[in-house]
Amino acid sequence: MAQRFHAPESIEQDSPMTRDGEYRSKLLKLLADQARAELEASNTYSRWIPKAPGPEERMHLAEIAREETEHWYGTIKILEGLGVSVKEANDEWATNHWFYTIVHLLIPRYRWEDILMLTFLMDRCAFLLVEDFTQSSYAPWARFAKHVLEEEQGMWTSVTASFAHKWKSWVATRCSGHLTSGGALRLIHSVLR
Ligand SMILES: [Fe+2]
């Protein structure tokens, strides 16, 4: 386990550590990468809305797109609090990773079942990441992550519960060619749990 140098939520925006040095540069890099990931998610879900097969699915994708846009907005506000603009974060701090090039090439080819499976997996991955951010030593980020986490938990239990089960059976049926239906169901149950 990595050793912690600073306690969770121990550093505020006006701390001298945020002005320069290694702490600031690492923080800006992590925040710029997070802002980029949220923006990619916002753009991706927005593009998927017209592909939804029905009104409920369309509403659900639009809701995810709105949430991801809020996550991006919250993250760029934290960066602005550190004196870094959206452009500067993107041009000077965000990682230029090949992953995004691949994603941009693949997304236009996605079918509805790809969207369903990715949403299952990405939702849980994002949850684990945000859970990690709630332990950040940078207090504004930890507070924002806690707010996002509360929203995600509320969203998961109330709005998506019935829709998730519809997705579960839909994906299980389509996955049966690649997995046994029991295997597909176990996979999806473990994601949904
Ligand atoms: Fe997000």
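The expected span of a helix is 1.5 Å times one less than its number of residues. In this predicted model, helix 2 (residues 55-81) has 27 residues and covers 39 Å from its first C-alpha to its last, close to the expected 39 Å. The chain has a mean pLDDT of 82.

**Confidence**
- Of the residues in the chain, 79% reach a pLDDT of 70 or more.
- Helix 3 (residues 86-93) has the highest confidence, at a mean of 94, while helix 8 (residues 181-192) has the lowest, at 52.
- Where pLDDT is low, the predicted coordinates should not be read in detail.

**Helix 2**
- An α-helix has 3.6 residues a turn, so residues three or four places apart point the same way.
- Gly 83 follows helix 2 and has a positive phi, near 80°.

**Nonpolar cores**
- The largest nonpolar core holds 19 residues, and Leu 31, Ala 32, Ala 35, Leu 79, Ala 89 and Trp 141 have the most contacts inside it.
- Helix 1 (22-48), helix 2 and helix 6 (139-157) each give two or more residues to this core.
- The most comes from helix 1, with 6 residues.
- Leu 79 is in contact with Leu 31, Ala 32, Ala 35, Val 84 and Ala 89, leaving aside its neighbours within four places in sequence.
- Another core, of 5 residues, lies apart from the largest one; Tyr 45, Trp 48, Leu 61 and Ile 115 are among its members.

How values were computed:
Residues numbered from 1 in each chain as written. Predicted model: local features only at pLDDT ≥ 70, side-chain atom pairs only at ≥ 80, totals over all residues. pLDDT = per-residue confidence, 0-100. Helix = DSSP H or I, 4+ residues; strand = E, 2+ residues; numbered from the N terminus. Core = buried A, V, L, I, M, F, W, Y, C linked by C-beta atoms within 7 Å. Buried ≥ 20, exposed ≤ 12 C-beta atoms within 10 Å, placed from the backbone. Contact = placed C-beta atoms within 7 Å.
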